[in-house]
Amino acid sequence: MDKIASLKRLLDPKKIAVIGASKSKDKVGGIIFRRLLGSRRRLFPVNPKEIVIEGHKVSPDIQSLPDDIDLAIITISAEAAVKSVEMCIEKKISNYIIVAGGFGEVGSQGRDLEEKLTRLAKENNVNILGPNSLGIFLPDENIDTIFVEHGDKALDRNGRVACIVQSGSVGVEALGYAANTGYGMRAFVGLGNKCDLDEIDFLKYFSLDKKTNCLGFYLENIEKGRQFLTAAKQTAIKKPVVVLKAGRTHTAVSAVSSHTGKLAGSDNVISGALKQFGIQRVFDDEEFCDATKVLSMLPGAPGNRVAVLTAAGGYGVMCTDFIENNDKRAKLLMAKLSETTKKRIKQATFTFAACENPVDITASADDMMFSQSLDALIEDDGVDIIICIAFFAPPGITENLIDIIAGKIRKSDKPVIVFTKYGPFTDNSIKNLYYAGVAAYPSVGRAVRAARFLVERTKIKQRLDQEA
């Protein structure tokens, strides 16, 4: 069986054994087992101390399991986990998620156990995710092995971003927070210590996955650098690849070693290599979520000329500052609007509206004025991207503006990014925009940065297409 086909059994298993499943709702094995109850998969709990858990008959040992298990999730301690893998291999189980820590990150004894897992995987042609892994979460499949709170109920279950993370906590906290304002995740994979499966395996898998249109990685070390870069470049021809690479400073590199038991490479070399191979680098969890969100929702920009539409003049000025600020990621320009565009906006709004870019239609504007002004900007050949500053506080602006903007985005080949604030209702407004298909952000800086991600992506795609 090839690697892609074998990983499908890991990520879309029909039969799952949970080694260490428990009646206790506080134990890891109990939490994971209960999370899987909604998965519509057949579950096989294993625990010599239990008879029935949540209506499922419990096997007293691994030998009692049926022969056609797709995935074993091992929730017991490090040394026992290794022995469990050995017994599961005898049952011809080919995929494993090992949750326990206590391996390479804790010293020589743990490293020995981890190396044994590596040998078992290689010698028996099985897949091991972890150890020290939070496992997998595929919202649309209802498969969830994450035992910590992770905002799973708030995530869009029809999302298209595959998130592959070395630190489970970074991933779940970032994505859980992003879900407050709308985030669509196709899959979450916690790599853990990477004794066997690593970022390259999942890069190749999700590059071929039709439900995925953007891949995001949080990595602390990239051991097979050349292989990863080559595979990522092939993927980036078709889908954006975003990497948050931690461990940039000398002290942070030391922290990586204690966290994962592995060394991290020179940051300058890594940064240059990522750029050369068409990978978009981000530098914190907020950038990670913002980049993958906009890149999964909007195509790249046809150019870098930005028009700003606002009903709040001060924010238009601030937005202009952000756009014209030099940024090594991608240069943006304020678009020069045609006389026809300016005339259309003036006729649709007020004689006192500022129709140069940034366009300020003032707080007296209503939904229809916003709509017609946005049409004029979309149809201007000198505009490549529109940042729409949409506030719901003015009396003439209603929640209908969300559907108006969404409708225009569906018909436009130019990306429209929204910045909005609405006091204590900001998160909810951004979430409503997201579910209508609009990429929205709660600050001017983040909205402009999202535009840069799109322009950067377009340049990468053009270069890789030429090199292909």
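Helices (H or I, at least four residues) and strands (E, at least two) are DSSP runs, numbered from the N terminus. With those labels you can find your way around.

**Before you start**

This is a predicted model: local features need pLDDT of at least 70, side-chain atom pairs count only at pLDDT 80 or more, and totals for chains, interfaces and linings use all residues. Residues are numbered from 1 along each chain as its sequence is written, and side-chain values use heavy atoms, with hydrogens and water left out.

**Stop 1: the whole protein**

Show everything as a cartoon. There are 16 helices and 20 strands. The radius of gyration (taken over C-alpha atoms) is 25 Å, close to the 23 Å from the globule rule (2.2 Å times the number of residues to the power 0.38), so the protein is as compact as a globular protein of its 468 residues. Along the principal axes, the C-alpha atoms fill a box of roughly 80 × 50 × 40 Å.

Now colour by pLDDT, the predictor's confidence in each residue, from 0 to 100. The mean is 93, and 96% of residues reach 70 or more. Select residues 256-264. Here pLDDT stays under 50, although the model has 31 contacts (heavy atoms within 4.5 Å) for this stretch beyond four places in sequence. Where pLDDT is low, the predicted coordinates should not be read in detail.

**Stop 2: the parallel sheet**

Select β1, β2, β5, β6 and β7. These 5 strands form an open sheet in the order β2-β1-β5-β6-β7, with parallel pairing. Two strands pair if DSSP finds at least two bridges between them. Which strands stand at the edges? They are β2 (42-46) and β7 (127-129); each has a single partner strand, so one side of each is left without a neighbour in the sheet. Neighbouring strands are turned by 20 degrees against each other on average, direction ignored. Axes here are lines fitted to C-alpha atoms, for helices over the stretch in contact, and angles run from 0 to 180 degrees between N-to-C directions.

Zoom in on β1 (residues 15-19). It pairs with β2 in the parallel sense over 5 bridges. Ile 19 stands opposite Val 46 in β2.

**Stop 3**

Go to Lys 92, in the loop between α3 and β6. Its phi is positive, about 65 degrees, although Lys 92 is not a glycine. Is Lys 92 buried or exposed? Lys 92 is exposed, with a relative accessible area of 65%. The scale is this: buried means under 20% relative accessible area, exposed over 50%, partly exposed in between (1.4 Å probe, protein chains only).

Move to the loop between β7 and β8 (135-138), where Pro 131 is found. The peptide bond from Gly 130 to Pro 131 is cis, with omega near -5 degrees. Asn 132 lies in this loop between β7 and β8 too. Phi of Asn 132 is near 65 degrees, again positive in a residue other than glycine. Asn 132 is partly exposed, at 30% relative accessible area.

Another cis peptide bond joins Asn 357 and Pro 358, with omega about 10 degrees. Look for Pro 358 in the loop between α12 (339-348) and β17 (359-360).

**Stop 4: the mixed sheet**

Select β8 to β14. An open sheet of 7 strands runs β9-β8-β11-β10-β12-β13-β14, with mixed pairing. At its edges, β9 (143-144) and β14 (280-282) each pair on one side only. Strands β12 (residues 214-219) and β13 (residues 241-245) run parallel, joined by 5 bridges. The bridge partner of Leu 215 is Val 241 in β13.

Helix α5 (residues 168-178) lies across β10 (156-165), β11 (184-190) and β12. It runs at about 165 degrees to β11.

**Stop 5: the cores**

Buried residues make up 59% of the protein. A nonpolar core is a set of buried Ala, Val, Leu, Ile, Met, Phe, Trp, Tyr and Cys residues joined through side-chain atoms within 4.5 Å. The largest has 88 residues; among the members that touch the most others are Tyr 183, Phe 370 and Ile 417. Helix α16 (residues 444-467) gives the largest share, 8 residues.

Centre on Ile 417. Its contacts include Val 294, Cys 388, Tyr 441 and Leu 454. Apart from this core lies another, of 49 residues, among them Leu 138, Phe 202, Ile 237 and Ala 273.
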